[in-house]
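Subject: Structure handover

Hi,

Here is the structure I promised to pass on. Have a look at it first, and then read my notes below.

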Amino acid sequence: ATAQSSLQGLDQDVSYRFSEAIDFSIRVAAEELVDEVILFYGRAEADVVRRIYPDSDLGREVDVTYTEELESGQYAPGTVLNYWWRFGLASGATTQTPVASFVYTDQSHEWQILSDEQIDLHWYGRGEELAPDLLADAEETLQRIREDVGVISDQRVQV
């Protein structure tokens, strides 16, 4: 059974320290006792997600924080991550937050974007003169992949 309207005062947040950790938090009040909290997250384009059972004080009001420690390079800059929470209620019903997303990127740089029809080239620093050449190389590579492998994507390519 799913109880969509049993959560009140939904307040959730996500933040991260690039290449170190992602911090998830949520605070809710429920009409009945919450006896289980599950956090789901993963790359937006992947079907596989992590299922995490964070430590929390359960009851009618729940305040949960969870930190996912990352390995260096675990997610590439520009990766879109989805996350949501599921709550098990004492009645056996479950309720879930809507899926939320964020872009995981290295915030220590001031990124610029140069785009064409299907590619977004992200760059920083003094690469302004080089960016058009890199975008042209990316276009040629994408075309070669289409011709050689037959892979055609309807999603924008992030470089």
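This is a predicted model: local features need pLDDT of at least 70, side-chain atom pairs count only at pLDDT 80 or more; totals for chains, interfaces and linings use all residues.

A salt bridge here is a side-chain nitrogen of Lys or Arg within 4 Å of a carboxyl oxygen of Asp or Glu.

**Salt bridges**

There are six salt bridges in the structure. Let me start with the one between Arg 17 and Glu 20, whose side chains come to 3.8 Å, N to O. Arg 17 sits in strand β1 and is partly exposed, with a relative accessible area of 37%. Glu 20 is partly exposed too, at 45% relative accessibility. If you set aside neighbours within four places in sequence, Arg 17 is in contact with Asp 23 and Thr 67. For a sense of scale, Arg 17 and Arg 126 are 109 residues apart in sequence and 25 Å apart in space, C-alpha to C-alpha.

Another salt bridge joins the side chains of Glu 68 and Arg 50, at 3.0 Å, N to O. Glu 68 belongs to strand β4 and Arg 50 to strand β3 (residues 50–52), so this pair ties together parts that are 18 residues apart in sequence. Are the two partners buried or exposed? Glu 68 counts as buried, because its relative accessibility is 6% and the limit for buried is under 20%. Arg 50, on the other hand, is partly exposed at 37%.

Then there is Arg 156 with Asp 120, where the side chains meet at 2.7 Å, N to O. This pair links distant parts of the chain: Arg 156 is in the loop between α1 and β10 (157–158), while Asp 120 is in strand β9 (residues 119–123), 36 residues away.

**Aromatic rings**

I'd look at the rings next. The structure holds ten aromatic pairs. One of them is Tyr 16 with Phe 102, a stacked pair with 5.9 Å centre to centre and 25° between the planes. It links distant parts of the chain, since Tyr 16 is in strand β1 (residues 7–17) and Phe 102 in strand β7 (residues 100–104), 86 residues apart. Tyr 16 is buried at 13% relative accessibility, and Phe 102 is buried at 10%.

Phe 24 and Tyr 41 make another pair, this one tilted, with 5.2 Å centre to centre and 45° between the planes. Phe 24 is buried at 2% relative accessibility, and Tyr 41 is buried at 1%.

Which residues make up the aromatic cluster? Tyr 16, Phe 18, Phe 24, Tyr 41, Tyr 75, Tyr 83, Phe 102 and Tyr 104 form one cluster, and it takes in both of the pairs I described, Tyr 16 with Phe 102 and Phe 24 with Tyr 41.

In soluble globular proteins, nonpolar side chains tend to be buried together. The largest nonpolar core in this model has 27 residues, and the ones touching the most other members are Ile 22, Phe 24, Tyr 41, Tyr 83, Trp 85, Phe 87 and Phe 102. At least two residues of this core come from each of β1, β2 (21–43), β4 (59–69), β5 (79–89) and β7. Which strand gives the most? That is β2, with nine residues.

Not counting residues up to four places away in sequence, Phe 87 touches Leu 7, Ile 26, Val 28, Val 34, Glu 36, Val 37, Ala 93, Thr 94, Thr 95 and Thr 97.

There is also a second, separate core of seven residues, and its members include Ala 131, Leu 135, Ala 138 and Leu 142.

**A patch on the surface**

One last stop: Ile 145, Val 149 and Val 151 make a nonpolar surface patch of about 260 Å². Val 149 is found in helix α1 (residues 131–149). Val 149 counts as exposed, because its relative accessible area is 60% and the cut-off for exposed is over 50%.

Cheers

Conventions:
Residues are numbered from 1 along each chain as its sequence is written. Side-chain values use heavy atoms; hydrogens and water are left out. Rings of Phe, Tyr and Trp (its six-membered ring) pair if their centres lie within 6.5 Å; planes under 30 degrees apart count as stacked, over 60 as edge-to-face and the rest as tilted. Helices (H or I, at least four residues) and strands (E, at least two) are DSSP runs, numbered from the N terminus. Buried means under 20% relative accessible area, exposed over 50%, partly exposed in between (1.4 Å probe, protein chains only). Patches are made of residues with over 30% relative accessible area and no salt bridge: like charges are joined within 9 Å, nonpolar side chains (Val, Leu, Ile, Met, Phe, Trp, Tyr) within 5 Å. Accessible areas come from the Shrake-Rupley method with a 1.4 Å probe; for residues, only the protein chains shown count as cover. A nonpolar core is a set of buried Ala, Val, Leu, Ile, Met, Phe, Trp, Tyr and Cys residues joined through side-chain atoms within 4.5 Å. Contact means heavy atoms within 4.5 Å.
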